[in-house]
Amino acid sequence: MTPADLSQAIQAAVSSAVEAGELAVAVPEHVTVERPKNRDHGDYATNVALQLAKAAGKPPRAVAEVLAERLRGITGVSEVDIAGPGFLNITLDTATAGALARTIVEAGEAYGRNEALKGLRINLEFVSANPTGPIHIGGVRWAAVGDSLARVLRASGADVTTEYYLNDAGVQITKFAASLQAAANGREVPEGGYVGEYIVDIAKTLTDAIPGVLDLPEAEQLEVFRTEGLKLMVAEIKRSMDEFGTHFDVWFSERTLHDSGAVEKAIDRLREQGHVFEQDGAVFLRTTDFGDDKDRVLIKADGDKTYFAADAAYYLSKRDRGAEVALYMLGADHHGYVNRLKAIAACAGDDMNRNIEVKIGQFVKMLRDGEEVRMSKRAGNIITIDDVVEWIGVDAARYTLARSSTDSTITLDINILTSQTNENRVFYVQYAHARMSSLQRKAADMGITRSADFKPELLSTEWETDLLGQLGEFPRVIAAAGELREPHRVARYLEDLAGAYHRFWDNCPVLPKGDDEVTDLTHARLWLVEATRTVLANGLTLLGVSTPERM
């Protein structure tokens, strides 16, 4: 019995009590069931009686008594106690608790998936670094977190489109092109331009690929370096993302918003909603009506459209393409964008608290030999995604960046992340998986396979019941991670699960030694090992991390 099964059983108990006239309440859509920290309080606890007491017009303990009587009759429930003001503490019989191992093994990759977000269409945009240089360490964090979040949302039933927004229009692209042109001609990079080895490399690639480009007039040269340089940079970004295991369904070009007239149409739509006004020759969107600190310019007095105008058109494009929720993941230096983006949604007539979400991620620091390595894209002194992969590998990078809340600054220590110690948390989790795989190979060498005659009641020690309890929490962890947009919950869960398995391993021998016989307990524990391996593999997959069988 999983916590979800028990939750449904409690709902059924409430419904039954209502039908019998013992409770006059609405049956709750969901009943929270939790693992108590003190195992003396049973396997699971629920506060449903306290929640229903006011509506029922009864003391919480009286409501609890009504429900406890019904729950005691459920197959697999061995004991129901009422504690404190009205908590229900529920204990399962060992056979029912242990049967979860078979449920997990038979479900395989599907175990943990749920329908908490079924039918919700989400456009998830992340990374979206300017295509003027390689992805730096801040973008690497979003690559890990964003891709993991997409996997978690899909595991919770959401229809997710992942998207990379290419800022391929505007001043920065012109500066990028001018920097390439200067490097190709052996000139100093213009003020505010980009420098670094990658600029020299791209410039050389272009001059080699396009003979005679340097003989063109300056303006034609610049356009070639703009168009072709952008293609090469975007291709390089796509390669890095692919090697990092991060894939986007859509690569959206900002330039298409301008070329297609989408920006003008967006301004017209916002004007129809009554939030556009003119002042001093410029066109504004009245975002202060919806919490922004000032109204935003859409069209400057000289007739040029602003980046904000493109932002408005981009949001409307997402909604027009069917997104119920437009979810943006932005760096800490974009904190000021939150209110203005939400104001765009409100000005468009949408619900700014539902149709648009903005997550802000804090900075990433990286230590090399105990000292922080600083970065600056324009100075060419940056830590790129390829650097991170080379130094610590994809698994360590993805796991470490995804395991912390985006609200916190992360410090990556290369020495720790390349070590095979418990300080390296991805190693700690992966080692548990490898340990299980090794045990299964040994069992196969001994001619031992899991018996179909599984006796779950034999899984009764404190280490086995603790492990089973951890396994039962996995679907709820995924659902919470999706609902709260916090994939780090999956990583932290996996660490707890790995710890429970290591304790089980230390205290519960699985395979017989010497001339010892293969017993029913051997088979039962092999089921439990495979169930744990399945959950670890499913969780690591949600984080885009590999599941090694040997380490």
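Modeller: By class, the lining of the largest pocket holds 20 nonpolar, 12 polar and 8 charged residues. Nonpolar here means Ala, Val, Leu, Ile, Met, Phe, Trp, Tyr, Cys and Pro; charged means Asp, Glu, Lys and Arg; the others, Gly among them, count as polar. A caution first: this is a predicted model, where local features need pLDDT of at least 70 and side-chain atom pairs need pLDDT 80 or more, while totals for chains, interfaces and linings use all residues. Residues are numbered from 1 along each chain as its sequence is written, and side-chain values use heavy atoms, with hydrogens and water left out.

Now the pocket itself. A pocket is an open set of points on a 1 Å grid over the protein atoms alone, with protein on both sides within 12 Å along at least five of seven lines; the probe is 1.4 Å, and lining residues have an atom within 4 Å of a point. Points are joined across faces, edges and corners, and a volume is the space filled by probe spheres set on them. The largest pocket has a volume of about 1200 Å³. Its lining has 40 residues, and Ser 128, Ala 129, Asn 130, Asp 333 and His 334 are the closest to its centre.

At least two lining residues each come from α6 (137–155), α7 (171–184), α12 (307–320), β10 (325–331) and α13 (337–347). Of these, α6 gives the most, with 5 residues.

Arg 319 forms a salt bridge with Asp 350, with the closest N and O atoms 2.8 Å apart. Arg 319 sits in α12 and Asp 350 in the loop between α13 and β11 (356–361), so the pair ties together parts 31 residues apart in sequence. A salt bridge is a side-chain nitrogen of Lys or Arg within 4 Å of a carboxyl oxygen of Asp or Glu. By this rule the model has 33 salt bridges. Arg 319 is partly exposed, at 25% relative accessible area. Buried means under 20%, exposed over 50%, and partly exposed in between (1.4 Å probe, protein chains only).

The α13–β11 loop holds another link. Glu 324 and Arg 354 meet through their side chains in a salt bridge of 2.0 Å, N to O. Glu 324 is in the loop between α12 and β10, and Arg 354 is in the loop between α13 and β11, 30 residues apart. Both are partly exposed: Glu 324 has a relative accessible area of 23%, and Arg 354 has 43%.

Next, strand β11, where Glu 357 lies. Glu 357 touches Val 325, Ala 326, Leu 327, Tyr 328 and Arg 485, leaving aside residues up to four places away in sequence. Contact means heavy atoms within 4.5 Å. The side chains of Glu 357 and Arg 485 also make a polar contact of 2.8 Å. That term means a pair of N or O atoms within 3.5 Å; within protein, one must be able to donate a hydrogen and the other to accept it, and residues adjacent in sequence count only if both atoms are side-chain atoms.

For context, the second largest pocket has a volume of about 720 Å³. Its lining has 27 residues, with Ala 4, Asn 114, Pro 475, Arg 476 and Ala 479 nearest its centre.

Notes
Helices (H or I, at least four residues) and strands (E, at least two) are DSSP runs, numbered from the N terminus.
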